[in-house]
Amino acid sequence: MNTRPTPRHRAYTWQDPRPSVEAIQHLSGLEVLQSFGKGTLPPPPATATLAIELGEVEPGRTVFEMTPAEWHYNALGTVHGGVLATLADNALGAAVYSSLPAGTGYTTQGVNVTFLRPVTVDTGRIRCEGTALHIGRRTAYATATITDLNGRLLAHATTSCQIFPVGGHQPTRISQHAARGTDPTA
């Protein structure tokens with residue numbers, strides 16, 4: 001057994017996310033996501049960090065893809081569950097966001113991921129399809145599946161998201177607490 005591991009290196013670049021953040025005020029979620037795909041707005045830096053790519057987007061549905069690499073691995077030699085959870089969170093949140101009007105944002109309230117098979121570099125490219133199930137005034141729900149390119153199910157995820165206005169506006173609940181001088185997280 002080799003006790004001296006061979007060092008590996010990785011470098012990547014990302015773009016300033018501010019133009020995308022500013023666009024949220026005057027573009028719908030679908031328009032923002034489509035702009036990521038066209039390259040007219042910079043995608044979130046987290047996607048560059050993990051090499052996650054937006055593949056498809058339509059109202060209420062998105063597909064993100066990635067190719068597992070060694071640097072995604074945990075100590076057991078499989079893709080870390082947190083990487084797959086991040087892939088799922090992107091597809092879930094974007095599916096919700098693709099249905100929101102300009103000036104509206106969302107935040108993930110909770111994500112549940114069930115891992116069904118180990119993912120390694122031998123798995124090859126994987127895709128995560130997110131679908132919005134319900135978009136309400138304040139809450140949204142979505143589901144996602146992670147599959148290999150042969151359609152084998154690798155993981156399943158669900159989310160709930162809070163919906164709120166952006167652009168200096170606070171969610172109603174927080175604004176009400178601020179007016180009363182109370183802490184909404186207490």
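The model is predicted: local features need pLDDT of at least 70, side-chain atom pairs count only at pLDDT 80 or more, and totals for chains, interfaces and linings use all residues. Residues are numbered from 1 along each chain as its sequence is written, and side-chain values use heavy atoms, leaving out hydrogens and water.

**Sheet layout**

- Six strands form an open sheet in the order E1-E2-E4-E5-E6-E3, with antiparallel pairing.
- Strands (E, at least two residues) and helices (H or I, at least four) are DSSP runs, numbered from the N terminus. Two strands pair if DSSP finds at least two bridges between them.
- E1 (53-58) and E3 (104-115) are the edge strands; each has a single partner strand, so one side of each lacks a neighbour in the sheet.
- On average, neighbouring strands of this sheet are turned by 20 degrees against each other, direction ignored. Axes are lines fitted to C-alpha atoms, for helices over the stretch in contact; angles run from 0 to 180 degrees between N-to-C directions.

**Strand pairs**

- E1 and E2 (residues 61-66) run antiparallel and are joined by five bridges. Glu53 has Glu65 in E2 as its bridge partner.
- Nine bridges link the antiparallel strands E4 and E5. Three residues lie between them in a hairpin. Glu129 stands opposite Thr145 in E5.
- E5 and E6 also pair antiparallel, over nine bridges. Ala144 is bridged to Ala157 in E6.
- The hairpin of E5 and E6 has four residues between the strands, and Gly151 takes a positive phi near 85 degrees there.

**Helices on the sheet**

- Helix H4 (residues 81-97) lies across E2, E3, E4 (126-135), E5 (139-148) and E6 (153-165). H4 runs at about 45 degrees to E4.

**Aromatic rings**

- There are two aromatic pairs. Rings of Phe, Tyr and Trp (its six-membered ring) pair if their centres lie within 6.5 Å; planes under 30 degrees apart count as stacked, over 60 as edge-to-face and the rest as tilted.
- Tyr12 and Trp14 have ring centres 5.7 Å apart and planes at 45 degrees, so the pair is tilted.
- Tyr97 and Tyr106 form a tilted pair, 5.7 Å centre to centre with 40 degrees between the planes.
- Tyr97 is buried at 7% relative accessibility.

How values were computed: Buried means under 20% relative accessible area, exposed over 50%, partly exposed in between (1.4 Å probe, protein chains only). Contact means heavy atoms within 4.5 Å.
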